[in-house]
Amino acid sequence: MSSQRRPTRASLIWASAPATAAPPYRPRSRGESGSGAPAATPEPVTAESAKPTPATTEPSTQARGQRMRPRPPSRTAGADAAKRSARQPKRAVVPAAEPRQARDPSGQHPLTDRDGNARLQRYEERIKTAFDRIVPVLKRISALQHASDFERQAQSIARDALGFDLPEHMLADAWVTQLDLRRLFAWCVFETYRRMTDDFFANDPLGGHEIRDFDRFLQDCGFHQLDVTPCADGRLAHAISYVLRLPCGAVRRKPYAGGLFDVENTVSKWGEVELGRFREGIPNTADAPTRYLKSVIYHYSSVDPHHQGCAAHGSDDAAAAQGALDRLLAFRQSVENGFCCGASVALLLIGLDTDTDAIRVHVPDGEGHMDLTQSVDALKVHAITRDLEPTAARARVAELVKAHAPASADPGMLRLVARLIENNLSQIDYVRQVHGGHYADVGHAEHFMGVGIGFEEIQLRNLTYFAYLYTVEEGAADLDVGRKIFSGLNVSRGLPIPIVIRFDYHGGVPGARERAVTRCRRLDAALAGRFADLADRGLLHRLLVVRDSDAGAGIEVVGCSLTAPTAGGH
Ligand SMILES: [Zn+2]
């Protein structure tokens, strides 16, 4: 039996491309009999089977090959293959006597954080349900709008189903004119967002501000700041709190469409962090041998790889990975060119399957080089280690990460990657248990757009489409992608696009709040102008909010298109 569990190095390596192949998931309740023998996810046994097992929706090898870019010029396929071959004999093998336990009847991995999964599920369901209820409730209210006691009935329904009253002035004229359901819809979305945000900052429902342990671990691994850019796609909005299971308060998150982050802005942030170490010893003193770690999460779809990958890269997985890698390298080059004394940063590239939430990590070698054709796949690590006892499973995860990383990989980086993979095992089980193996909403299903700077409270998948920007001009591409997404989600159903315009500021800086409010209003006017065709038809509404990020408090609403006499009239 143990030989059937024997992993090979190639089993975790995408032999020709960072493609979307993943072992097909079969729910164990349906896939296993009482004899309990067959594994739901077949594991490689021979060298031939060490190639990724194609999922049922996987494109053919030929089709995928046509979509892949050439390998990076610095490494040749032959050389990599030779290295892999040379290392193969050393690759980990499960000892025959390794302790095992009977497979968990639920099929979950022994390292899965069940309490954490239950907490995250409660939070996801509570918030998503609050947004999902809006349309059905408004349909019920719409049907009553000419009843004699309409206002009382409408408020009663709203209070019971949504938990808040509706604005009286929006109901008062329904008997003489038509109830303006577009305005009412936008108002309900904004109110639900406001309540969710207040809860997030007041109650820390995801424990995202318990950062001490992770900060210590990160520094032990050799890094003093983790800065992550996921794609702005709403299907990655939960990447920190759910997919990677990291405390959101300990990670700088800056989403950009396609993972193509702003290099200058990131260099500026790097400088800010380094200055903080030098002047204040935060998070550690400047003489500590730790580095700033910049990571990008690109994404792909195993269920519908040709249509539901990264929109910014035309669902071309190779282009998404290459684009993210190029941006990371540009950032490192900028730091090295701009600062002397050996200044540099660490880089990490992560891929995410937005259907299963499984990650694959491209572990860098000792010089920071990453190979797009090599990665550690959490889905396969899950399959290989799920029958072990927790202690053995954890050791095996670390072993697998090391075995599938370049030989010169930094030990601290290996520890961090092993932690990320282990954390992701919980999320893989979460998606299996809660969402039946992969999400029902394979594509976009966001409820509103978030535009500006901030949004720490958005930690749920497919809740928000982000456009991080200071001005409409610099974020035009992201805004247009957002408009396209919401044209399908909302406008096609006659519903408006709700946009939350947000700027966080540092309360300790004189005048910062006023400048943030001014930015909100300027952006609001520019948005109303750019999308005037929608605004004029009542199909675009904006909520303007600011937040003092130094105070740790909630948001402050400073304006709303629903209270203005005309769109953009601030
Ligand atoms: Zn994307």
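Which residues in α4 meet which residues in α15? The second point below gives the reply.

1. Basis of the note. This is a predicted model, in which local features need pLDDT of at least 70, side-chain atom pairs count only at pLDDT 80 or more, and totals for chains, interfaces and linings use all residues. Residues are numbered from 1 along each chain as its sequence is written. The chain holds 18 helices and eleven strands; these are DSSP runs numbered from the N terminus, H or I of at least four residues for helices and E of at least two for strands. Of its 570 residues, 45% count as buried, that is, with 20 or more other C-beta atoms, placed from the backbone, within 10 Å of their own.

2. Helices α4 and α15. G116, N117, L120 and Q121 in α4 meet S426, D429, Y430, Q433 and V434 in α15. By class, this contact has three nonpolar, five polar and one charged residues (nonpolar: Ala, Val, Leu, Ile, Met, Phe, Trp, Tyr, Cys and Pro; charged: Asp, Glu, Lys and Arg; polar: the others, Gly among them). Helix α4 (residues 114-132) packs with α15 at an angle of about 55 degrees, the axes being 10 Å apart. Axes are lines fitted to C-alpha atoms, for helices over the stretch in contact, and angles run from 0 to 180 degrees between N-to-C directions. The angle makes α4 oblique to α15, where under 35 degrees counts as roughly parallel, over 145 as roughly antiparallel, 65 to 115 as roughly perpendicular and the rest as oblique.

3. Helices α14 and α15. The axes of α14 (residues 390-403) and α15 (residues 411-435) come within 9 Å and cross at roughly 125 degrees. Helix α14 is therefore oblique to α15. In this contact, R394, V397, A398, V401 and K402 of α14 meet L414, V417, A418, I421 and E422 of α15. The residues divide into seven nonpolar, no polar and three charged.

4. The six-stranded sheet. Six strands form an open sheet of mixed pairing, in the order β2-β1-β3-β4-β5-β6; strands pair if DSSP finds at least two bridges between them. At the edges are β2 (251-253) and β6 (376-377), each of which pairs on one side only. Strand β1 (residues 223-230) pairs with β2 in the parallel sense over three bridges, and L226 stands opposite V251 in β2.

5. Helix α12 (residues 317-338) lies across β3 (291-300) and β4 (346-353), and runs at about 165 degrees to β3. Helix α15 lies across β4, β5 (359-362) and β6, and runs at about 170 degrees to β5.

6. The five-stranded sheet. A further open sheet, also of mixed pairing, has the order β8-β7-β9-β10-β11. Its edge strands, β8 (464-468) and β11 (556-560), have a single partner strand each, so one side of each is left without a neighbour in the sheet. Neighbouring strands of this sheet are turned by 25 degrees against each other on average, direction ignored. Strand β7 (residues 448-453) runs parallel to β8, joined by five bridges, with V451 opposite A467 in β8. Helix α8 (residues 181-203) packs on the sheet, touching β7, β9 (497-505), β10 (540-548) and β11, and its direction makes about 35 degrees with that of β9. Helix α17 (residues 512-530) touches β7, β9, β10 and β11 too, at about 155 degrees to β9.

7. Contacts along the chain. Residues are in contact if their C-beta atoms, placed from the backbone, lie within 7 Å. Among contacts between residues at least 6 apart in sequence, 72% join residues at least 24 apart.

Key: Contact = placed C-beta atoms within 7 Å. Buried ≥ 20, exposed ≤ 12 C-beta atoms within 10 Å, placed from the backbone.
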